[in-house]
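Biologist: I have a model open and would like to learn how to read it. Can you take me through it feature by feature?

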Amino acid sequence: MSAPAPISTARLAAVLGLLACVGPFAIDMYLPALPAVAAELDAPISAVQGTLIAYFLAFGVSQLVWGPISDQVGRKAPLVVGLCVFALGSLMCALAPSIGWLIAARFVQGVGGSVLMVVPRAVIRDTATGADAARIMALVMLVISVSPMLAPLVGSGVIAIGGWRLVFAVLLAAAAASLVVTRVLLPETLPAAARTRISVAGLTRASRVLLSDRWFMGLTFIGGFGFASFFVFVASASFVYTESFGLTSTGFSIAFAVNAAGFFAASQVAAGLGRRFGMNRVVLAGTTGFALFSGLLLGLAWAGLASLAVVVGLLVVANACLGVVLPSTMVMALDPHGEIAGLASSLGGALQMVLGGIVVVASGPFFDGTTLPMVAAIAACGAVAAALAWVVLLRPVQASAMS
């Protein structure tokens, strides 16, 4: 079996990070435009949130297709096809005449964008494992984490120049640039001898292995409830910050960037903390901290004490806790399944994205543009993630401490 083409860690992280941030940019650039979309298309808030839910669901479910395909044909070809689909969806969004059209177009965009989540994770698993993989994942997260801080600000600027439709024209250009990066800079990391032919029986067997693996499923849902809390924030924050706190679209973008900074900073130390204390302990501490700080924010909101400074400040700290959890759980879940890394990555990502969409839909009827429903849903996700972490990881931590 020939080894994957050699590539430096920095170059790999930069290329994968740039590819992987296109999907989040499709979410975050669009956030400042939500009130304008509601006004122009004469749509209620719930329907505008539906454009995000459609993207999340398509982004998640489509990973079930891209992962196995990448295990059979290699990593580069699915990236090229997915980027073309993403470009088509972006064009459809830019031309949308109604909210129904926009929801459908966002679904198409999510189908293509999902390849940029599942394949980079499989590429990392092709080239490294354990703490080394966590280090590459953290470097990728470094690039990805810049997008929540920059994308809303870029989106506000784009909207000021040409309205919300221009956002999708910019995303179309980003897809074209990503195609060039993929073709020129990214080597194929899955050699032909290591590829797995797709078959219904094989996929069923492999899926059964993953779905019955307590470790894989537990870590997937620990990270999944962390992602779900982020989805709730994304779907609600623009309305809460602009309507409840009176921020402009630029002010919202700055507040959103500050909230993302905690996650960005913490994700960069996740690998180092994992080497020093063990990745199990890091995830336990991170989920517990996230639950405590989001619970504190809920209590203050319930008491009517959740000012803008309180909301932004506590979300920064809570997201910092989440920043050490998400890259660690991704790596830990994939580590035992290198031979089906593509399927494992896609199944895990699909479950997490669908969970996020379900949580947003379930919390939607309670959302009224105020702070309390948003932070209540975030705190609930934090509590469940922490509870799962203590159930799934406590026994391995105790065993390792005894050894």
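The talk below goes from confidence and overall make-up to single residues.

Modeller: Start with where this comes from. It is a predicted model.

Biologist: What is the mean pLDDT of the chain?

Modeller: The mean is 82, and 89% of the residues reach 70 or more. Among the elements, helix 7 (residues 99-113) has the highest mean pLDDT, 94. Helix 9 (residues 130-162) has the lowest, 73.

Biologist: Where is the pLDDT below 50?

Modeller: Where pLDDT is low, the predicted coordinates should not be read in detail. Here, residues 1-5 fall below 50. That stretch has nine contacts in the model beyond near neighbours in sequence. Residues 397-403 also fall below 50, with five such contacts.

Biologist: Next, the overall make-up. How many helices and strands does the chain have?

Modeller: Count 18 helices and zero strands. The chain has 403 residues, and 56% of them are buried. Its accessible surface comes to about 15,000 Å². Carbon and sulfur atoms hold 73% of that surface.

Biologist: What share of the contacts with a separation of 6 or more joins residues 24 or more positions apart?

Modeller: The share is 87%.

Biologist: How do I read the interior?

Modeller: In soluble globular proteins, nonpolar side chains tend to be buried together. In this model the largest nonpolar core has 94 residues. V37, L52, L102 and Y241 touch the most other members. Helix 12 gives the most to this core, with 12 residues.

Biologist: Which residues does L52 contact, leaving aside neighbours within four places in sequence?

Modeller: L52 is in contact with I27, Y30, L31, L34, R106, V234 and A235. Another core, of 25 residues, lies apart from the largest one. I222, V283, L284 and A333 are among its members.

Biologist: On to charges. How many salt bridges does a search of the whole structure find?

Modeller: Side chains of opposite charge can pair when their charged atoms come close. The search finds two salt bridges. In one, R165 meets E40 at 3.0 Å, N to O. R165 lies in helix 10 (residues 165-185) and E40 in helix 3 (residues 34-40), so the pair ties together parts 125 residues apart in sequence.

Biologist: How accessible are R165 and E40?

Modeller: R165 is partly exposed, at 25% relative accessibility. E40 is partly exposed as well, at 47%.

Biologist: And D71: which residue does it form a salt bridge with?

Modeller: Its partner is R75. The closest N and O atoms are 3.1 Å apart. D71 and R75 are both buried.

Biologist: What else contacts that pair?

Modeller: Look at L190. Leaving aside neighbours within four places in sequence, it is in contact with S70, D71, G74, R75, D126 and R195. L190 sits in the loop between helix 10 and helix 11 (200-211). Its relative accessible area is 7%, so L190 is buried. L190 and K76 are 114 residues apart in sequence, yet 9.2 Å apart in space, C-alpha to C-alpha.

Key: Residues numbered from 1 in each chain as written. Predicted model: local features only at pLDDT ≥ 70, side-chain atom pairs only at ≥ 80, totals over all residues. Heavy atoms only, no water. Helix = DSSP H or I, 4+ residues; strand = E, 2+ residues; numbered from the N terminus. Buried < 20%, exposed > 50% of the residue type's maximum accessible area, 1.4 Å probe, protein only. Contact = heavy atoms within 4.5 Å. Areas by Shrake-Rupley, 256 points an atom, 1.4 Å probe, with all protein chains shown as cover. Salt bridge = Lys/Arg side-chain N within 4 Å of Asp/Glu carboxyl O. pLDDT = per-residue confidence, 0-100. Core = buried A, V, L, I, M, F, W, Y, C linked by side-chain atoms within 4.5 Å.
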